[in-house]
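Reader: Could you walk me through this model, one feature at a time? I would like the general idea and then the case at hand.

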Amino acid sequence: MARSPTEDLERREEHDLETGRRDFLRRAAAGAVALGAAGCEYTSQLFLVRPAPKRSGPPLPEWVGSRVRAWRPLGRTGFAMSDISFGCANLADPALVRAAIDRGVNYFDTSPDYSREGSERALGEGIRGTRRERLFIASKFCTAEGHLPADAPVTAVMAAVEGSLRRVGTDYLDLAHIHACNDLERLLAPTFHEAAARLREQGKLRFVGVSSHNPRLEAVMRAAVDSGRFDVVMVAYNFGVWPGLQDILRDAQARGVGVVAMKTLKGARHTALREFTPGERDSFAQAAFAWVLSNPQVNGLVVSIDSEAQLDEYLAGSGVPLTAADVALLERYDRLIANDWCRPGCGQCLGACPAAVPIDDVLRWATYYEHYRHEEIARAAYARLAPERRGSACASCPAPCEAACPHGLPIRAKLERTHALLAPRPLPASTAPLGLCVDA
Ligand code: SF4
Ligand code: SF4
């Protein structure tokens with residue numbers, strides 16, 4: 001009997017890293033085909049929240065005007081979300097929201113700390129005139145300054161959500177996430193959950209969620225699902241990572257917890273994509289989406305969209321099943337980035353650094369700068385790091401971190417380069433968005 005993509009994921013741990021990844025990807029493609037043949041209702045779904053790679057030229061003619069072709073139930077919420085949904089991290093143009101709605105997008109993910117509330121305002125303007133019940137609006141328990149701490153009082157948490165309501169111009173949020181959660185203290189903070197309960201009683205909030213993409217993602221998601229307090233989880237999920245996540249996603253599905261994927265493009269490293277032919281480059285985002293959505297335990301995906309051309313490109317992947325060609329493309333990408341890409345959730349080098357440089361965070365900010373064009377966010381994040389914990393500490397260091405990295409990353413060289421990129425022109429705090437955890 002053909003294995004499902006889920007079963008294939010589980011088997012990945014049985015293999016060594018490189019061989020196992022290749023085998024897994026191939027089986028995932030076969031499993032996706034088998035699912036389709038068995039009459040699987042949902043052939044694709046994807047969600048990611050982030051600016052993905054762009055074509056250098058205009059969209060392919062076959063992409064222009066593309067529309068959502070698949071909607072999938074989001075756990076117990078009773079809502080069927082567009083498989084490819086709208087991440088509002090870069091949103092500034094309300095017309096883009098209107099265009100997305102016209103094309104079938106019905107799930108929007110925003111946050112107060114995206115563009116210092118600008119994203120929520122643009123979203124609010126964009127959804128005006130659309131029947132509210134047609135849409136699913138997700139935001140975060142945050143302010144323009146960033147995450148609320150675990151000991152934030154109930155009134156502050158409620159005020160944060162009420163601020164989102166004013167900016168979006170709506171009576172209720174469908175979902176509020178504890179954003180970029182990396183510890184159980186914040187995940188289970190009594191004041192957050194008390195505030196959520198009161199907001200629900202008042203009809204201002206329907207569901208509670210948590211998002212995570214850090215080294216503790218699996219522990220956070222396991223606790224979130226087991227706690228029974230969360231209706232939706234939003235997880236970093238892309239081809240070939242998070243080996244322990246599959247059990248969690250299965251349990252989430254069994255308990256009616258919705259699963260939304262983000263960061264599905266695995267960095268979309270332009271250095272690697274440069275090695276691709278133009279046709280391969282054009283297919284990369286859609287292949288990555290198809291892989292994510294081939295897992296039936298993923299309900300949808302959020303990706304940052306900041307242009308009509310991206311709408312064309314991404315929505316062309318809606319409802320499209322994973323193919324063997326997609327898998328081959330993703331394998332090639334994996335080979336190209338093998339010694340260059342810092343794995344989210346790894347963190348194995350962190351304890352080796354005498355200067356306590358947050359290596360994974362700094363490399364993520366470098367990705368924001370170099371591959372996602374989030375230059376200001378990257379610089380702002382780096383500027384907030386204590387000077388003694390920046391890449392400048394690497395110059396006189398024998399780099400014990402590199403021996404601790406199982407993926408052979410040249411960490412010192414990368415951090416020195418990142419320091420040169422990010423340190424010279426830190427933004428003033430007043431203009432720097434704290435959205436250091438853009439979900440895409
Ligand atoms: S090279 Fe840099 S990151 Fe690595 S251990 Fe030394 S100071 Fe830390
Ligand atoms: S640099 Fe290497 S060891 Fe450190 S978090 Fe990234 S992949 Fe893991």
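**Ligands, barrel and helices**

Author: Gladly, beginning with a ligand: among the 14 residues around ligand 1, the nearest are Cys-353, Cys-394, Cys-397, Ala-399 and Cys-401. "Near" here means that a residue's C-beta atom, placed from the backbone, lies within 6 Å of the molecule or strand. This is a predicted model, in which local features need pLDDT of at least 70 and side-chain atom pairs count only at pLDDT 80 or more, while totals for chains, interfaces and linings use all residues. Residues are numbered from 1 along each chain as its sequence is written, and chains are lettered from A and ligands numbered from 1 in the order in which they are written.

Reader: Which helix gives the largest share of the shell around ligand 1?

Author: Helices (H or I, at least four residues) and strands (E, at least two) are DSSP runs, numbered from the N terminus. Helix 17 supplies three residues, the largest share; helix 16 (400-404) and helix 17 (411-422) each give at least two.

Reader: How do the residues of that shell around ligand 1 divide by type?

Author: Ala, Val, Leu, Ile, Met, Phe, Trp, Tyr, Cys and Pro count as nonpolar, Asp, Glu, Lys and Arg as charged, and the others, Gly among them, as polar. The shell around ligand 1 has 13 nonpolar residues, no polar and one charged. Ligand 2 has 13 residues around it, with Cys-342, Cys-346, Gln-348, Cys-349 and Cys-405 the closest; its shell divides into eight nonpolar, three polar and two charged.

Reader: Now the strands: how many close into a barrel, and in what order?

Author: Two strands pair if DSSP finds at least two bridges between them. Here eight strands close into a barrel in the order 3-4-5-8-9-10-11-12, with parallel pairing. Strand 3 (residues 84-87) pairs with strand 12 (residues 300-304) over four bridges, and Phe-86 has Val-303 as its partner in strand 12. In strand 4, the partner of Phe-86 is Phe-108.

Reader: Why is helix 11 called roughly perpendicular to helix 13?

Author: Axes are lines fitted to C-alpha atoms, for helices over the stretch in contact, and angles run from 0 to 180 degrees between N-to-C directions. Angles under 35 degrees count as roughly parallel, over 145 as roughly antiparallel, 65 to 115 as roughly perpendicular and the rest as oblique. Helix 11 (residues 278-293) and helix 13 (residues 324-337) pack at about 105 degrees, their axes 9 Å apart, so helix 11 is roughly perpendicular to helix 13.
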